[in-house]
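My notes follow in the order I looked things up.

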Amino acid sequence: MSILCKISNVEGKLNENSFPPGFLFGTATSAHQIEGAWNLNGKGENLWDRFTHTYPERILDGSNGDTACDSYHKYKEDVAIMKEMGIQFYRFSLSWSRILPAGFSYKINPDGIRYYNDLINALLENNIIPMITLFHWDMPQTLQDLGGFSNELIVNWFEEYVKVAFEHFGDRVKLWITFNEPITICMYGYGRDTLAPAYNSSGISDYLCGHNLLKAHASAYHLYKNKYESKQKGKIGITLVSHWFESSSTFQTDLQAAQRKREFVFDWFAKPIFHPNGDYPEIMKKRIAFRSEAEGFTQSRLPQFSREEIEYIKGTYDYLGLNHYTTLMTSDAEEDAISDPSFDKDARVKSYYNPEWPSAASPWLKVVPWGFRKLLNYISNRYKDVPIFITENGFSDHEGLNDQERIDYYEQYLSALLDAIHEDGVNVKGYAAWSLLDNFEWKDGYVHRFGLVHVNFTDPERPRTKKASAQYYTEILRLRRLPKKKSFQIDSNFIW
Ligand code: PNW
C-alpha cells in the first residue's frame, strides 16, 4: 500500500513531536505587497503599478500598492517585530524596478541598493537569516512593454538583473529563490486575466511564459554556480505552488484525472528542474499535442525543449521552495469540443471544493490539513527526498486582531507537517508563515488579510499590532513544538 493511502482524510490528532534540530521558522512577504514608496527615490514603474493605476476597478477595493505597509520606511520596525517573535529567517523579495528602474542593468539605482543593504544588515544584526526571492511578480513596466515572459529575451534580462543582486548582496545572503510561483504568473497573468498583465491567452501564452521562465531560472542558477557560489557559498532554488488534488472516486478514470491535474499544475515546472530526466511531463506533451493538432495548429502549443535545453534546466536547484494553502477535489471530465485553445481543456479535469471544508476569507482557500501531508509525500516520492523549504502557508480573514481561525489553521497545518516529517520521513528544512504583515493581496486589495501582524491602512503611519496568531506563532518557536492549550488572546481593547 502506498504511503498516500495510509493518510486518513479525517482530521487527525495533534502531532506532539518537536520540530527537528536545525529546522528553521520564518515569515514571508514580497516587495510590491509591503514596500510602498512606489515612485520614490529613483524606483521605476512596475507592472502592478501600471495595472492598478489603469484598472482600479479590477482590484476588489480599488486600491493599489502605492504605500502598502510602507515597509520601505518602516523596515526597522518589521525587523524588530520579528526579533520579538523569535523568527529565524525572513523571506522577502527584491523589487527589480527599485534596483534597475529601466529594467536593464545599464542604470543601477543607488537608493535601491542602499535600501536592501539596510534591510539585510538590520536582519543580520538581529540574527535573522535573509532569504531573497528575486522575482515575486513585479516585472519592470519597460520589460512588460516588450512582452515580459512571452519574450524569450527575458532570459537575458533576468540574468543581468540577478547578477546585480548577487554582486551587491551575495556576500551576506545565502538563500536565494529565483521565481515565486511560475504557474500563478503564467496561468493567471498570461493564460487568464486574474493577475497582471492579464493577457488572457489560455493554452498559448501560459505555456510560452512557462517555457521562457524555466530557461531564465536555469540561467540564473548556472550564473550563481559558475561565478558566485565558490566565494559566496549560498544556496539557490525556486518556489513552486501547488494545491493537493484529491480524486473524487477510486474509478481509474478519476484517479488518472487527479494525477493528470497534479502533473499539469505541479510537475509542469517541477519535472524539468527536479527530475533526473528533466523535460515536461509526458502527459502534458501528449495531451497538448493531441488537442493542438485537432484544433488545426501545425505544431503543439506547448513549446519543445531541445536536448541541450533539457540538460541545461534539469538539476538546477539546491532546494525546492514550496507554497501550499489548500486542496481541491477532482474528477475526470469529458473531452471538450474542439474550439479555442485552453489550458483547462488540455488538462481535462473537473475540480471542486468539498462544501464541508471550512473556508478562509479568500474563496479559494479551504482548510484541509491532510492535503498538505499528501502533497509533501507526493513530492518526496517523485523527486527523491528533495530538500523542501515551505516558503508560504497561511490563512486569510477580514480585518481583526483576535484571529482564532488563523491559529486553528496553523495548528492543523503544522501538525500535518510534523506527520510528514516524523511519520513519513519527508525532508523539510524550514517553514515560513505567509505573512508577517497584512498586505496588498493583489486583486483582493486589502480586503483579505493574511498577516500575523495587523496593519492599519487608514492611518498614514501604518501602525502594526500583533494579532493573537503572532503570540501563538511566537510560542511555537519558543517550544519548537505545538503548544497544548490554546490561550492566545490579544488585549480586548483592540478587538474589532
Ligand atoms: C501566493 N491559488 O499566491 C503568493 O505568493 C502571495 O504573493 C500571495 O499573497 C499569497 O499566495 C496569498 O494569496 C497564491 O489560487 C495565488 O491557489 C493563488 C493561489 C495560491 C497562492
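**Ground rules**

I am working with a predicted model, in which local features need pLDDT of at least 70, side-chain atom pairs count only at pLDDT 80 or more, and totals for chains, interfaces and linings use all residues. Residues are numbered from 1 along each chain as its sequence is written, and side-chain values use heavy atoms, with hydrogens and water left out.

I take helices (H or I, at least four residues) and strands (E, at least two) as DSSP runs, numbered from the N terminus.

**Barrel**

I started with the barrel. Eight strands close into it in the order 1-2-3-4-5-7-10-11, and the pairing is parallel. The twist averages 25° from one strand to the next. I count two strands as paired if DSSP finds at least two bridges between them. Angles run from 0 to 180 degrees between N-to-C directions, with axes as lines fitted to C-alpha atoms, for helices over the stretch in contact.

I then checked one pair. Strand 10 (residues 388–392) and strand 11 are parallel and share three bridges. Isoleucine 390 sits opposite tyrosine 431 of strand 11.

Next came helices on the barrel. Helix 17 packs on the sheet and touches strand 1 (24–28) and strand 11. Its direction makes about 160° with that of strand 1. Helix 6 (residues 110–125) lies across strand 2 (89–93) and strand 3 (129–135), at about 170° to strand 2. Contact here means heavy atoms within 4.5 Å.

I found a three-stranded open sheet, order 6-8-9, with mixed pairing. Which strands stand at the edges? They are strand 6 (244–247) and strand 9; each has a single partner strand, so one side of each is left without a neighbour in the sheet. Neighbouring strands are turned by 40° against each other on average, direction ignored.

Strand 6 and strand 8 (residues 327–332) run parallel, joined by four bridges. Tryptophan 244 has threonine 327 in strand 8 as its bridge partner.

Helix 11 lies across strand 6, strand 8 and strand 9, at about 170° to strand 6. Helix 15 (residues 369–382) touches strand 6 and strand 8, and its direction makes about 100° with that of strand 6.

**Largest pocket**

I looked up the largest pocket, which has a volume of about 800 Å³. Of its 33 lining residues, the closest to the centre are Glu181, Thr184, Tyr188, His243 and Trp364. A pocket is an open set of points on a 1 Å grid over the protein atoms alone, where a 1.4 Å probe fits, with protein on both sides within 12 Å along at least five of seven lines; lining residues have an atom within 4 Å of a point. The volume is the space filled by probe spheres set on the points.

Which element gives the largest share of the lining? Helix 9 does, with four residues. Helix 11 (252–274), helix 14 (343–347) and strand 9 (349–352) also give two or more residues.

By class I note 17 nonpolar, eight polar and eight charged lining residues. Nonpolar is Ala, Val, Leu, Ile, Met, Phe, Trp, Tyr, Cys and Pro; charged is Asp, Glu, Lys and Arg; the others, Gly among them, are polar.

Most residues other than glycine have a negative phi, and most peptide bonds are trans. I therefore listed the exceptions below.

- The bond from alanine 196 to proline 197 is cis, omega near 10°. Proline 197 lies in the loop between helix 9 and helix 10 (205–232).
- Tryptophan 434 and serine 435 are joined by a cis bond, omega about 15°. Serine 435 is in the loop between strand 11 (428–434) and strand 12 (453–455).
- Arginine 462 has a positive phi of about 50°. Arginine 462 is buried (under 20% relative accessible area), at 12%.
- Arginine 480 has a positive phi of about 60°. It follows helix 17 (468–479) and is partly exposed at 21%; that class runs between buried and exposed, which is over 50%, with a 1.4 Å probe and protein chains only.

Is glutamate 35 buried or exposed? Glutamate 35 is buried, at 3%. Its contacts beyond four places in sequence include Thr67, Asp70, Arg98 and Tyr115.

Glutamate 461 is exposed at 55%. It lies in the loop between strand 12 and strand 13. Its C-alpha is 9.0 Å from that of cysteine 69, though they are 392 residues apart in sequence.
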